[in-house]
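Please look over the sequence and the structure shown below before reading on. The report that follows takes up a few contacts between charged side chains and then turns to a set of strands.

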Amino acid sequence: MELYHAVDTQGLHIGGNIFLAPIASFTDRAFRETCVRFGASLTYTEMVSCEALARGNKKTEGLMLRADGEELLAIQVFASDPETAERAMPAVVAHKPTLIDLNCGCPVPKIVKPGAGSALLKDPGRIKMIVEAMRRASGLPVSVKIRSGWDSGSINYIETACAAVEGGACIVTLHPRTKVQGYAGTSNWEHIRILKERLSVPVIGSGDLFTGDDVRRMMERTGCDGVMIARGAIGNPFIFRDAISILTGGKVESPSPAERIEEALHHLETAIAYEGERKAVREMKKHLCSYTKGVPGSAQLRERIVHAESAEEYRKLFASFLHNFT
C-alpha cells in the first residue's frame, strides 16, 4: 500500500495526506503559506472562537483569512454548544474553507472551563450535536480533532469518534494523549491503529511527529489515512518535504544551516507582507528562534533575536550569522 496518497471522503478530495495541525499563536497565514510551499497537503487555521464569531468580532474573523497559494484551507473552531456553533457558521462560510474542524482536544484551561476543547470529551453526545449543527448551518464538510480521553481512567476515543461520525463528521483526527497529559509523556499510537479499524471515515494520526521518519513509522504502525504535524513543523517546515520524500521512496536531504537561515528570513518577509512590520517583528521571535535550534553556534543568535526590535535588525543578525556558513 502506498503511504503517500490522496484523501477522499464525502465528496471532499485532498491531494495528499500530510497536514499542518492547527496551533494557537503559530498557524497564521505566513506560517501556513510557508508549510504549503514545502508540501503540506492541507493547512489548518489557529482555533477560532464560535462565540466571538457569533458576536461579530472582527479580530477573530481575521484568523480565517486565506494565505497566498493556500488552495485548500481548514478552519478550526471551538464551541461548547450547538447553538453557538450554528450562529458562527455564516462568518466561517464567508471565507469559503475546504472544511471546518471542531476542536475537541485543546487542554488549555481558558478553553476547557466554558465547556469547549477537551471538555467535550466528557460528553460525546454534545460532540454529535455540535457537528450536526455545523453541518446543517454550513453545508460544508466537518471534521473533528479529539484526544484519547480526559484522563487515564476515562479513555473514550472510540465513543467520541463514533459520536462525531454519527453527527456527520467526514474525518477524525486523533492525538492519542489525554487532556490531563497535555503535551507531556508520549502519545499512544496504538489508539490510532484501533480507531482506524473501527471507523468508516478517514483517520488522521497526530502526536510526536518531529521527523519525516516519524511520519513513516506512524503510518506503518497504525494504518492511518494521513498525519497531522504540529510542534514538529515549528521552525521546521522542511518536515513536509522530508515526509513526502520518505513515503515515496526518495532520499531525505537535511536542511543545511544556510538553508535554515534563508528560510527563516523568507518566513519573516512573508509575515511582514501580511501583518506589517511592527506586528511581524513581535510575532516572529518564536519562529525565528525555532529555525536556529540545532544550528552550531546559534545560542547567542537567539539571545539577540529576542531583543531585536525591527526587521532590519533581524536581517543584519541573520546576514552576519549566515556569513559563517557561506
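## A buried charged pair

The side chains of D208 and R177 come together in a salt bridge, with 2.7 Å from N to O; a salt bridge here is a side-chain nitrogen of Lys or Arg within 4 Å of a carboxyl oxygen of Asp or Glu. D208 belongs to the loop between β10 (203-206) and α9 (212-222), whereas R177 sits in strand β9, so the pair ties together parts that are 31 residues apart in sequence. Helices (H or I, at least four residues) and strands (E, at least two) are DSSP runs, numbered from the N terminus. Both D208 and R177 are buried, where buried means under 20% relative accessible area, exposed over 50%, and partly exposed in between, with a 1.4 Å probe and protein chains only.

## How the model is read

This is a predicted model, in which local features need pLDDT of at least 70 and side-chain atom pairs count only at pLDDT 80 or more, while totals for chains, interfaces and linings use all residues. Residues are numbered from 1 along each chain as its sequence is written, and side-chain values use heavy atoms, with hydrogens and water left out.

## Other salt bridges

A search of the whole structure finds 20 salt bridges. One of them joins R216 to D213, whose closest N and O atoms are 2.8 Å apart; these two residues are three apart in helix α9, which separates them by about one helical turn. R216 counts as partly exposed at 22% relative accessibility, and D213 also counts as partly exposed, at 32%.

E275 and K279 form another salt bridge, their closest N and O atoms lying 3.5 Å apart. E275 is partly exposed with a relative accessible area of 32%, and K279 is partly exposed with 36%. Elsewhere, E190, R193 and E197 are linked in a network of salt bridges.

## Strand β8 and its partners

Strand β8 (residues 142-149) is mostly covered, since eight of its eight residues are buried. Strand β7 (residues 99-104) runs parallel to β8 and is joined to it by five bridges; two strands pair if DSSP finds at least two bridges between them. I100 stands opposite V142 in β8.

β8 also pairs with strand β9 (residues 171-178), in the parallel sense and over six bridges, and the bridge partner of G149 in β9 is T178. From β8 the chain crosses through helix α7 (residues 157-166) to β9 in a right-handed β-α-β crossover, a term used if, with the strands pointing away from the viewer, the path from the first strand over the helix to the second runs clockwise.
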